[in-house]
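Colleague: I have a new model on screen and would like to learn how to read it. Can you walk me through it?

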Amino acid sequence: MRHLYQPSPRPRAFWWFFHRVSGSVLVIMLIVHYWVQHYDPATATMTSELLSEGELPRYGEAAQARTGLVEPTPYDLVMARLADPAYAWFWKTYNLLFLLFALHHGFYGLSNIIGDYVRHDMARLLLTVLAWCVALFLLVVGAYSVITAGWNYTPPKPG
(Lines give C-alpha, C1' and ligand atoms only; values in the text may rest on other atoms or scores of the structure.)
Protein backbone atom coordinates (compact mmCIF):
# COMPACT_ATOMS: atom_id res chain seq x y z
CA MET A 1 0.00 0.00 0.00
CA ARG A 2 2.82 2.33 0.82
CA HIS A 3 4.31 2.07 -2.68
CA LEU A 4 1.10 3.46 -4.23
CA TYR A 5 1.64 6.87 -2.66
CA GLN A 6 5.36 7.28 -3.19
CA PRO A 7 6.70 9.18 -6.15
CA SER A 8 7.30 6.99 -9.16
CA PRO A 9 10.91 6.27 -9.99
CA ARG A 10 9.97 7.12 -13.60
CA PRO A 11 8.70 10.66 -13.77
CA ARG A 12 5.48 10.72 -15.80
CA ALA A 13 4.78 14.40 -15.26
CA PHE A 14 6.68 15.34 -18.40
CA TRP A 15 4.69 12.91 -20.55
CA TRP A 16 1.41 14.01 -18.95
CA PHE A 17 2.30 17.63 -19.74
CA PHE A 18 3.45 16.75 -23.27
CA HIS A 19 0.14 14.93 -23.81
CA ARG A 20 -1.69 18.20 -23.13
CA VAL A 21 0.71 20.18 -25.33
CA SER A 22 0.42 17.69 -28.19
CA GLY A 23 -3.39 17.90 -28.03
CA SER A 24 -3.25 21.68 -28.29
CA VAL A 25 -0.73 21.56 -31.13
CA LEU A 26 -2.88 19.00 -32.95
CA VAL A 27 -5.86 21.38 -32.92
CA ILE A 28 -3.75 24.14 -34.49
CA MET A 29 -2.20 21.77 -37.04
CA LEU A 30 -5.64 20.43 -37.95
CA ILE A 31 -6.95 23.96 -38.58
CA VAL A 32 -3.95 24.71 -40.82
CA HIS A 33 -4.42 21.40 -42.63
CA TYR A 34 -8.11 22.15 -43.25
CA TRP A 35 -7.31 25.63 -44.45
CA VAL A 36 -4.61 24.57 -46.87
CA GLN A 37 -6.35 21.45 -48.14
CA HIS A 38 -9.94 22.64 -48.36
CA TYR A 39 -10.31 26.44 -48.24
CA ASP A 40 -7.23 28.08 -49.78
CA PRO A 41 -8.32 28.84 -53.36
CA ALA A 42 -4.84 28.24 -54.75
CA THR A 43 -4.48 24.76 -53.31
CA ALA A 44 -7.99 23.63 -52.37
CA THR A 45 -8.86 20.05 -53.14
CA MET A 46 -12.48 20.37 -52.06
CA THR A 47 -14.34 23.45 -53.24
CA SER A 48 -17.97 24.43 -53.41
CA GLU A 49 -17.82 23.98 -57.20
CA LEU A 50 -16.57 20.46 -56.72
CA LEU A 51 -19.34 19.69 -54.29
CA SER A 52 -22.17 21.32 -56.26
CA GLU A 53 -21.21 20.69 -59.87
CA GLY A 54 -19.12 17.57 -59.61
CA GLU A 55 -16.15 19.25 -61.30
CA LEU A 56 -12.57 19.14 -60.21
CA PRO A 57 -11.28 22.43 -58.79
CA ARG A 58 -9.35 24.97 -60.83
CA TYR A 59 -5.80 25.48 -59.79
CA GLY A 60 -4.62 29.06 -59.18
CA GLU A 61 -2.64 30.69 -62.00
CA ALA A 62 0.49 31.08 -59.88
CA ALA A 63 0.31 27.45 -58.90
CA GLN A 64 -0.29 26.47 -62.54
CA ALA A 65 2.81 28.35 -63.60
CA ARG A 66 4.88 26.76 -60.85
CA THR A 67 3.73 23.17 -61.31
CA GLY A 68 2.48 22.99 -64.88
CA LEU A 69 -0.83 21.51 -63.70
CA VAL A 70 -3.96 22.95 -65.34
CA GLU A 71 -6.80 20.72 -64.14
CA PRO A 72 -5.24 18.55 -61.52
CA THR A 73 -6.92 15.83 -59.54
CA PRO A 74 -6.62 16.06 -55.74
CA TYR A 75 -3.88 13.44 -55.96
CA ASP A 76 -1.99 15.63 -58.43
CA LEU A 77 -2.33 18.63 -56.11
CA VAL A 78 -0.89 16.78 -53.15
CA MET A 79 1.91 15.19 -55.16
CA ALA A 80 2.76 18.50 -56.84
CA ARG A 81 2.95 20.19 -53.44
CA LEU A 82 5.18 17.44 -52.06
CA ALA A 83 7.37 17.39 -55.19
CA ASP A 84 7.79 21.17 -55.35
CA PRO A 85 11.35 21.87 -54.18
CA ALA A 86 10.35 25.24 -52.74
CA TYR A 87 7.63 23.84 -50.46
CA ALA A 88 8.31 20.11 -50.09
CA TRP A 89 10.61 20.44 -47.09
CA PHE A 90 8.01 22.53 -45.25
CA TRP A 91 5.03 20.25 -45.98
CA LYS A 92 6.96 17.09 -45.31
CA THR A 93 8.23 18.47 -42.00
CA TYR A 94 4.72 19.66 -41.17
CA ASN A 95 3.21 16.26 -42.00
CA LEU A 96 5.89 14.40 -40.04
CA LEU A 97 5.26 16.58 -36.99
CA PHE A 98 1.51 16.09 -37.45
CA LEU A 99 2.09 12.32 -37.54
CA LEU A 100 4.36 12.38 -34.47
CA PHE A 101 2.00 14.50 -32.39
CA ALA A 102 -1.05 12.49 -33.41
CA LEU A 103 0.57 9.12 -32.70
CA HIS A 104 2.00 10.25 -29.39
CA HIS A 105 -1.25 11.82 -28.29
CA GLY A 106 -3.40 8.87 -29.30
CA PHE A 107 -1.19 6.09 -28.04
CA TYR A 108 -0.27 7.85 -24.80
CA GLY A 109 -3.99 8.23 -24.17
CA LEU A 110 -4.50 4.54 -24.98
CA SER A 111 -1.66 3.65 -22.63
CA ASN A 112 -3.34 5.61 -19.84
CA ILE A 113 -6.66 3.84 -20.49
CA ILE A 114 -4.88 0.48 -20.36
CA GLY A 115 -3.25 1.54 -17.10
CA ASP A 116 -6.59 2.58 -15.64
CA TYR A 117 -8.69 -0.44 -16.60
CA VAL A 118 -6.38 -3.46 -16.87
CA ARG A 119 -5.61 -4.68 -13.36
CA HIS A 120 -3.47 -7.70 -14.16
CA ASP A 121 0.18 -6.58 -14.26
CA MET A 122 1.30 -8.91 -17.04
CA ALA A 123 -1.75 -8.16 -19.21
CA ARG A 124 -1.22 -4.42 -18.70
CA LEU A 125 2.45 -4.75 -19.67
CA LEU A 126 1.65 -6.83 -22.77
CA LEU A 127 -1.11 -4.48 -23.93
CA THR A 128 1.09 -1.43 -23.38
CA VAL A 129 3.99 -2.98 -25.30
CA LEU A 130 1.61 -4.08 -28.08
CA ALA A 131 0.13 -0.57 -28.30
CA TRP A 132 3.54 1.09 -28.57
CA CYS A 133 4.67 -1.49 -31.15
CA VAL A 134 1.61 -0.62 -33.25
CA ALA A 135 2.45 3.08 -32.81
CA LEU A 136 6.03 2.45 -33.93
CA PHE A 137 4.80 0.49 -36.97
CA LEU A 138 2.41 3.31 -37.91
CA LEU A 139 5.18 5.87 -37.42
CA VAL A 140 7.53 3.98 -39.75
CA VAL A 141 4.85 3.46 -42.43
CA GLY A 142 3.60 7.05 -42.14
CA ALA A 143 7.07 8.58 -42.17
CA TYR A 144 8.04 6.48 -45.20
CA SER A 145 4.88 7.62 -47.00
CA VAL A 146 5.46 11.29 -46.18
CA ILE A 147 9.15 11.27 -47.01
CA THR A 148 8.81 9.44 -50.33
CA ALA A 149 5.65 11.28 -51.48
CA GLY A 150 6.40 13.36 -54.53
CA TRP A 151 9.60 11.55 -55.44
CA ASN A 152 9.77 10.98 -59.19
CA TYR A 153 6.36 12.61 -59.63
CA THR A 154 5.66 13.90 -63.12
CA PRO A 155 2.52 15.95 -63.61
CA PRO A 156 0.02 14.71 -66.19
CA LYS A 157 0.28 16.20 -69.63
CA PRO A 158 -2.60 18.51 -70.60
CA GLY A 159 -4.97 17.20 -73.16
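**Reading the model**

Modeller: Start with the secondary structure: the chain has 6 helices and 0 strands. From the N terminus, the order is α-α-α-α-α-α. Keep in mind that this is a predicted model.

Colleague: What share of the 159 residues is buried?

Modeller: Buried residues make up 30% of the chain. As for the surface, the chain exposes about 11200 Å². Carbon and sulfur atoms supply 70% of that area.

Colleague: How do I read the contacts in the chain?

Modeller: Look at sequence separation. Take the contacts with a separation of 6 or more: residues 24 or more positions apart account for 58% of them.

Colleague: Now a single residue. Where does V118 lie?

Modeller: V118 sits in the loop between α5 (88–117) and α6 (121–148).

Colleague: Why does V118 count as buried?

Modeller: Buried means under 20% relative accessible area. V118 has 18% relative accessibility, so it counts as buried. Leaving out residues up to four places away in sequence, V118 touches A123, R124 and L127.

Methods. Residues are numbered from 1 along each chain as its sequence is written. This is a predicted model: local features need pLDDT of at least 70, side-chain atom pairs count only at pLDDT 80 or more; totals for chains, interfaces and linings use all residues. Side-chain values use heavy atoms; hydrogens and water are left out. Helices (H or I, at least four residues) and strands (E, at least two) are DSSP runs, numbered from the N terminus. Buried means under 20% relative accessible area, exposed over 50%, partly exposed in between (1.4 Å probe, protein chains only). Contact means heavy atoms within 4.5 Å. Accessible areas come from the Shrake-Rupley method with a 1.4 Å probe; for residues, only the protein chains shown count as cover.
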